[in-house]
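Biologist: Please show me the model, and then I will ask about its parts one by one.
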2 protein chains.
Amino acid sequence: MNFDLSLFLTFPIAAATETAAEESTFVLAGVLLSLVAVYAASKIGGELCARINLPPVLGELVGGVIIGISALHLLVFPASGAAAGDSLIIRIMEATANLSPEAAQSVFATQSEVISLLAELGVIILLFEIGLESDLAELIRVGPQAAVVATVGVVAPFAAGTAGLIFLFHIAPIPAIFAGAALTATSIGITAKVLAEIGQLSSTEGQIIIGAAVLDDILGIIVLAVVASLSKTGEIEITNVIYLIISAAVFLVGAILLGRLISPLWVGLVNSMKTRGKLLLTALCFAFILAYIAAVIHLEAILGAFAAGLILAETDKRRELEEQVVPVADIFVPLFFVCVGAKTDLSVLNPAIPSNREGLIIALFLIGVAIVGKVITGFTLWQPGLKKLAVGVGMIPRGEVGLVFAGVGSASGALSESTNAAIIMMVIFTTFLAPPLLRVVFKEPATAVESASSPD
Amino acid sequence: MNFDLSLFLTFPIAAATETAAEESTFVLAGVLLSLVAVYAASKIGGELCARINLPPVLGELVGGVIIGISALHLLVFPASGAAAGDSLIIRIMEATANLSPEAAQSVFATQSEVISLLAELGVIILLFEIGLESDLAELIRVGPQAAVVATVGVVAPFAAGTAGLIFLFHIAPIPAIFAGAALTATSIGITAKVLAEIGQLSSTEGQIIIGAAVLDDILGIIVLAVVASLSKTGEIEITNVIYLIISAAVFLVGAILLGRLISPLWVGLVNSMKTRGKLLLTALCFAFILAYIAAVIHLEAILGAFAAGLILAETDKRRELEEQVVPVADIFVPLFFVCVGAKTDLSVLNPAIPSNREGLIIALFLIGVAIVGKVITGFTLWQPGLKKLAVGVGMIPRGEVGLVFAGVGSASGALSESTNAAIIMMVIFTTFLAPPLLRVVFKEPATAVESASSPD
């Protein structure tokens, strides 16, 4: 009984439909498989971490590394140079669904675009949720402390990193400045997610970290603009810097003032509506509009989503909206963390590659500066009784923002391969170190895992 | 004080980052604007319909028509021949975000792919939700009646339509058969959504309609395969037909039997998990895997999602899962209905085009057959006390399935322009007529609008 399965799978009905329709079926199939891979990686990683008392988000990142470019190749992206044949999901479809090698490249490209975009929507929805769970009055109250934390956390690692690379490692000023700049950014997504998981998001320390991370994101954009123009023209375009500072300030203050005017109208609108999804869809429209505005004025979309969350948190619909956002965040947010992990190329740690060996000693220096430069920010707090170490540790993860610096520096030709590898090692190390460390410094009891995962 | 805004908007920081990164920002921005347009159209349309006592889903369809190819051009797709310059969203980004005309085409293509794919996920999640709200035992009980309804609803319009076109309109057999085939399919999405809105999904009539619509979907795939091979080779590939019937039967029966074995394991797994989203993500993984299998064996992905919902509805997690699926469905499902509306090209109704005038009289005939051929199916029910008219009316909407027939027929060259236009008119008319009619025949009281939209 030699039963040939391929006879069934190569069934000619596909030939009857148009190629475009067939290709869109494959894209859908590829996206469905990718989502299954992402969700499986996030839940397996998250559950394992929860069991050994580490933050689940670390498990999602590691789960992403395992299914990504560094290991299983289930989730790879054309941006990292992967071709269709490198994707295990494409190969599964070639084997089970008779996807032709000719169509594979275009299906792979489209499917990757869709997953990347869902991951971007994931971090937008995460920041919207973080905004909803934040307290604007508390943020304003801790604003001055957060501003000092953010400023010190940009200046200290930048100055120490750049000076160290120039004087200790004799690296030219431009690449040294790039590497120094990569030390400045804080990944608000990773920090905020860990804070939410350990139930510390609304603590004073949590709100200082969130406030500082938001300011850091804006400072990071400014630093990137400065460094990029410096490496291109050799001088700083001061008008750009002023433009960015003004637009960031106008956007954040304007959004919050305007939002306070609009939010009562929104509550009235929702109360007068009758159909399903009225609360969630109108809130998401508001968040997406602010995210769009933030993106087009060269800030980041996540800042707009965060501002929208902050504004709607002021209304009496907050609790109800939070409840409805939870399942939406549950399906979108893991895409972000798993994709960050999947795009992390651990080959940079391979000692067989010469530039990695050279990079390793620079990396150790950068990691030291990255940690110390952020941890000291906690000791600038003047309000008594705060966990200074916790605030400093909360600023450590560089995440995807640091990789943007490495990417821009690398593309501009300013960075040598070994310095580039060193920056990536620093980003990986700080990103994966921060979640467990944050948990230790907040000294939270083991039972908090359950309460942080209450909604199920 | 002549303040030049474009100075700010053409800010050169974009030049510093890579083109790919910039393009992905525009794609994200375009997707965010598209989502805002879709949600606004779905809520405005839905609310207006709810107020004049029509099903909200009709408002979502009409909202889609208004923002789509037929009117505002906010949401247009390359598949319909639209270029980047035809998209109002692309033009908004060119005006507000300095999107260059060169980049616009690729941003438009990618953004359209993402929105189309989200719409496909929308109908998958809708069918998963419908499956969750259905009752497998009841479906099996009404199965024989549903099978008769489905069979009569395929045979009667096909035979009457094809014969009428050949003998009354003297159309050649192949295009007549194509048009007849386009009369057979039922849009399960539209019917199920209306049934859910009027609270009739779990009534006996509702379950007969759902069961018959699922069988109709399978019969439609078989009819399409037959007609397509007939138009290509002039003969019916009987092995294909047998393959499709066997694979559909094996899939549905196999999924349900295997599902009954797996679902207790799933409940045990979820109970042992600790992290957020455990219920929803594991359930969606299951649904997406079945959807993938259904898609690659040339059934439809929605059938897999429906089967997954049916299986999980048998567990004691049903209620909890339903609650968490509601917000997810709220954000995905409107994309499907609004996109169906947006892709509906009303220019086919323009009497200034000669083939439309020719098509109109054929369309009137097809509409008559489409309605009568489905309404009579209700009168095949033998269980006493059922609303026969309601079941027949529930089978009327052809929706996107009918358009697939028109598309395949048109691409194969078998259909003349006037016959093609007539089929599209028939699809539009039955799709938009069914929701209000269904409401009338179920004679539901006006207060049911509120209860059908309870979760907010």
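Biologist: How far apart do the C-alpha centres of domain 1 of chain A and domain 2 of chain A lie?

Modeller: This is a predicted model, in which local features need pLDDT of at least 70 and side-chain atom pairs count only at pLDDT 80 or more, while totals for chains, interfaces and linings use all residues. Residues are numbered from 1 along each chain as its sequence is written, and chains are lettered from A and ligands numbered from 1 in the order in which they are written. Chain A is divided into domain 1 (5-115) and domain 2 (117-452), with bounds that come from an automatic or database domain assignment. The distance between their C-alpha centres is 28 Å.

Biologist: Which helix gives the most to the side of domain 1 of chain A that touches domain 2 of chain A?

Modeller: Here 27 residues of domain 1 of chain A are in contact with 28 residues of domain 2 of chain A (contact: C-beta atoms, placed from the backbone, within 7 Å). Helices α3, α4 (56-67) and α6 (101-133) of chain A each supply at least two residues of the domain 1 side; helices are DSSP runs of H or I with at least four residues, numbered from the N terminus. With ten residues, the one that gives the most is α4(A).

Biologist: How many residues of that side of domain 1 of chain A are nonpolar?

Modeller: Ala, Val, Leu, Ile, Met, Phe, Trp, Tyr, Cys and Pro count as nonpolar, Asp, Glu, Lys and Arg as charged, and the others, Gly among them, as polar. On that side of domain 1 of chain A, seven residues are polar and two are charged. The nonpolar residues number 18.

Biologist: Within chain A, how is α16(A) placed relative to α19(A)?

Modeller: The axes of α16 (residues 354-375) and α19 (residues 417-441) of chain A come within 7 Å and cross at roughly 45°. Axes are lines fitted to C-alpha atoms, for helices over the stretch in contact, and angles run from 0 to 180 degrees between N-to-C directions. Angles under 35 degrees count as roughly parallel, over 145 as roughly antiparallel, 65 to 115 as roughly perpendicular and the rest as oblique. Therefore α16(A) is, relative to α19(A), oblique.

Biologist: And how are α10(A) and α11(A) placed relative to each other?

Modeller: The axes of α10 (residues 188-197) and α11 (residues 204-233) of chain A come within 10 Å and cross at roughly 170°. Among the residues that meet are I188(A) and L195(A) in α10(A), and I209(A) and V214(A) in α11(A). The two helices α10(A) and α11(A) are therefore roughly antiparallel.

Biologist: Which helix of chain A gives the most to the side that touches chain B?

Modeller: The contact takes 69 residues from chain A and 70 residues from chain B. By class, the chain A side has 45 nonpolar, 13 polar and eleven charged residues. Giving 16 residues, the helix that supplies the most is α3 (residues 19-51) of chain A.

How values were computed:
Contact = placed C-beta atoms within 7 Å.
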